[in-house]
Amino acid sequence: MLVIGIAGGTGCGKTTVVKQIVDELPKNQVVVISQDSYYKDLSHLTKEERGQVNFDHPNSIDFDLLIDHVKSLKKGEPIEIPVYSFVEETRMPETVTAEPREVVIVEGILVLSNPALRELFDIKIYVHADSDERLIRRLQRDIKERGHDLEKVLHRYQTAVKPMHNQFIEPSKEFADIIIPNNHYNTVAVDMVRTIINNKLA
Ligand SMILES: Nc1ncnc2c1ncn2[C@@H]1O[C@H](COP(=O)(O)OP(=O)(O)O)[C@@H](O)[C@H]1O
Ligand SMILES: Nc1ccn([C@@H]2O[C@H](COP(=O)(O)O)[C@@H](O)[C@H]2O)c(=O)n1
């Protein structure tokens, strides 16, 4: 089994890069786990209280469960991935079953910042895009897909996203084996990662 960690700031293109990698591999060879699925359950808080949470701090993530799940997959055991709602800003009651596969991809802003999780990765990738580019992408996505308004996105960006990026995410770049520049779509880098995966699997 090959376990790949893919980190990078919000809007850098992690999900897009993962999709580009996975699209070229046989479906039954890959399982993708998103750190976003492991936001802690906040159903005991009101929606307004949940809106005040710093979702970019490592404490907002249930890393213990995420680490347990990666270890289970490595042992060949299936896992029950929590379902997270960005609109409700909490965990949903249902889970999704994921089976172990030859390639396991774990993607999320903080996946290279946690030492115990990092240790489980065979390949560590950091996707880089400049902060202005990421903010533009984030604004478009959060307004369109996550039901936030302009003021909320900008407030969060200034109070949580940017400071946490500088404190935890950007410094985790030093642990990466590969850094993918993604201000523009980077097909060459994606091809190289695919080749590395195919060589490892051969
Ligand atoms: N290289 C790129 N150039 C322009 N837009 C991009 C690029 N990569 C991703 N995007 C767009 O930016 C937004 C955020 O990308 P996404 O892959 O969801 O980032 P992340 O998972 O890192 O938050 C999406 O709308 C996506 O289509
Ligand atoms: N309820 C939430 C939970 C998280 N976020 C933001 O998601 C970002 C991480 O996801 P990416 O796909 O962008 O990597 C993170 O920056 C959180 O601020 C949110 O907006 N609402």
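Me: Why are H1 and H7 called oblique to each other?

Reply: This is a predicted model, and in it the axes of H1 and helix H7 (residues 187-201) cross at roughly 50° and come within 10 Å. Angles under 35 degrees count as roughly parallel and those from 65 to 115 as roughly perpendicular, with the rest taken as oblique once those over 145 are set aside as roughly antiparallel, and H1 and H7 are therefore oblique to each other. The crossing in which H1 passes H7 is right-handed.

Me: Which residues make the contact of H1 with H7, and how do they divide by class?

Reply: H1 contributes Val-17, Gln-20 and Ile-21, while H7 contributes Val-190, Val-193 and Arg-194. By class, this contact has four nonpolar residues, one polar and one charged.

Me: What makes H5 oblique to H6?

Reply: Helix H5 (residues 131-145) packs against helix H6 (residues 150-169) at an angle of about 135°, and their axes are 10 Å apart. Roughly antiparallel would require an angle over 145, and roughly perpendicular one of 65 to 115, so the value for this pair makes H5 oblique to H6. Here too the crossing is right-handed, as H5 passes H6. On the H5 side the contact is made by Leu-135, Arg-138, Leu-139, Asp-142 and Ile-143, and on the H6 side by Leu-150, Val-153 and Tyr-157. These residues divide into six nonpolar and two charged, with no polar residue.

Me: Why are E2 and E7 said to stand at the edges of the sheet?

Reply: The open sheet has five strands in the order E2-E5-E1-E6-E7, with parallel pairing. Strand E2 (30-34) and strand E7 (178-181) each have a single partner strand, so one side of each is left without a neighbour in the sheet. On average, and with direction ignored, neighbouring strands of this sheet are turned by 20° against each other.

Me: How do you know that E1 and E6 pair?

Reply: Pairing needs at least two bridges between two strands, and four bridges join strand E1 (residues 2-7) to strand E6 (residues 123-128), the two running parallel. Within this pair, Ile-6 stands opposite Ile-125 in E6.

Me: Which strands does H1 touch where it packs on the sheet?

Reply: H1 touches E1, E2, strand E5 (103-107), E6 and E7, and its direction makes about 170° with that of E5. Helix H3 (residues 63-74) also packs on the sheet, where it touches E1, E2 and E5, and its direction likewise makes about 170° with that of E5.

Me: In what sense do E3 and E4 pair, and over how many bridges?

Reply: Strand E3 (residues 79-85) and strand E4 (residues 90-98) pair in the antiparallel sense over six bridges, where at least two would be needed. Ile-81 stands opposite Val-96 in E4. E3 and E4 form a hairpin with four residues between them, and Glu-89 in the turn has a positive phi of about 60°.

Me: Which residues come nearest to ligand 1, and which are closest to ligand 2?

Reply: Of the 13 residues around ligand 1, the nearest are Gly-13, Lys-14, Thr-15, Thr-16 and Arg-137. The largest share of that shell, three residues, comes from H1, and by class the shell has two nonpolar, eight polar and three charged residues. Ligand 2 is surrounded by 13 residues, the closest being Thr-10, Phe-55, Asp-56, Glu-89 and Ile-109, and its shell divides into five nonpolar, two polar and six charged residues.

Terms used
Residues numbered from 1 in each chain as written. Chains lettered and ligands numbered in written order. Predicted model: local features only at pLDDT ≥ 70, side-chain atom pairs only at ≥ 80, totals over all residues. Axes fitted to C-alpha atoms, helices over the stretch in contact; angles between N-to-C directions. Left-handed = near helix turned anticlockwise from the far one by under 90°. Contact = placed C-beta atoms within 7 Å. Nonpolar A, V, L, I, M, F, W, Y, C, P; charged D, E, K, R; others polar. Near = placed C-beta within 6 Å.
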